[in-house]
Amino acid sequence: SNDPEMSKAAQTVVNGMANDPTWTADDWLLLAEYHRDNNNFEAAKDATAHAATFDPASPAVEYERGLIEMSAGNTLQAVTHLQAAVAAKPDMPGYQLNLGVALIKADRKVDGLASMRRALTVNPQYTPGRLALAQSLAAVDSVAAANAQYQAILAYDPTNGAAQCGLGWAALRATD
């Protein structure tokens with residue numbers, strides 16, 4: 001909720017339910033995501049630890065741990081967790097994309113771009129991945145390569161505003 005009082009009341013209810021023995025790993029991961037989104041990283045880590053009791057080698061747990069570490073600014077730990085998630089489930093484009101983001105943040109741009117490209121191999125119409133790749137390419141001065149990614153989005157989604165905006169920004173940058 002956008003209402004802080006309503007959000008606080010909902011948090012109290014959810015936190016009170018956290019000891020419910022009927023909770024599944026997915027319930028714990030949703031709670032971890034909630035805490036991560038609210039920058040409560042210790043609570044998020046605790047929730048992922050609960051989720052891991054169901055399946056210690058769960059790629060979803062490793063993925064959430066990677067997102068928590070990335071959100072907390074712990075890039076190297078994020079890379080480790082996200083690599084484990086990708087190794088266990090390479091067909092998840094979101095895993096590949098976020099590993100790419102973490103690798104770029106760790107100054108491993110070539111590896112990061114390769115991981116983002118693998119996300120698109122899994123799903124060529126994975127728009128968040130293609131946008132992130134385009135923005136990353138533009139940031140490393142590959143405006144032509146970024147344009148190709150924006151054009152690829154517009155080929156299957158002609159009204160995509162983010163891709164159109166990216167093309168406009170790239171055109172301005174090319175004439176800078």
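The model is a predicted one, and seven salt bridges are counted in it. Helices H2 and H4 pack against each other with their axes 10 Å apart, and the largest nonpolar core contains 18 residues.

**Salt bridges**

- Arg-36 and Glu-64 form a salt bridge in which the closest N and O atoms are 2.7 Å apart; this pair links distant parts of the chain, since Arg-36 lies in helix H2 (residues 25-37) and Glu-64 in helix H4 (residues 59-71), 28 residues apart.
- Through salt bridges that share partners, Arg-36, Asp-37 and Glu-64 belong to one network.
- The side chains of Lys-109 and Asp-107 also meet in a salt bridge, at 3.6 Å from N to O; Lys-109 is partly exposed because its relative accessible area is 38%, which lies between the limits of 20% and 50%, whereas Asp-107 counts as exposed because its 62% is over 50%.

**The packing of H2 and H4**

- The angle between H2 and H4 is about 10 degrees, and because angles under 35 degrees count as roughly parallel, the two helices are described in that way.
- On the H2 side the contact involves Leu-29, Ala-32, Glu-33 and Arg-36, which meet Ala-60, Val-61, Glu-64, Leu-67, Ile-68 and Ser-71 of H4.

**Nonpolar cores**

- In soluble globular proteins, nonpolar side chains tend to be buried together.
- Within the largest nonpolar core, the residues that touch the most other members are Leu-97, Met-116, Leu-133, Ala-146 and Tyr-150.
- Helices H7 (109-122), H8 (127-139), H9 (143-156) and H10 (161-174) are the elements that each give two or more residues to this core, and H8 provides the largest share, with six residues.
- When neighbours within four places in sequence are left aside, Tyr-150 is in contact with Leu-131, Ala-134, Gln-135, Ala-162, Ala-163, Gly-166 and Leu-167.
- Another core, of 12 residues, lies apart from the largest one, and its members include Tyr-63, Leu-67, Ala-78 and Leu-82.

Terms used
Residues numbered from 1 in each chain as written. Predicted model: local features only at pLDDT ≥ 70, side-chain atom pairs only at ≥ 80, totals over all residues. Heavy atoms only, no water. Salt bridge = Lys/Arg side-chain N within 4 Å of Asp/Glu carboxyl O. Helix = DSSP H or I, 4+ residues; strand = E, 2+ residues; numbered from the N terminus. Buried < 20%, exposed > 50% of the residue type's maximum accessible area, 1.4 Å probe, protein only. Axes fitted to C-alpha atoms, helices over the stretch in contact; angles between N-to-C directions. Parallel < 35°, antiparallel > 145°, perpendicular 65-115°, else oblique. Contact = heavy atoms within 4.5 Å. Core = buried A, V, L, I, M, F, W, Y, C linked by side-chain atoms within 4.5 Å.
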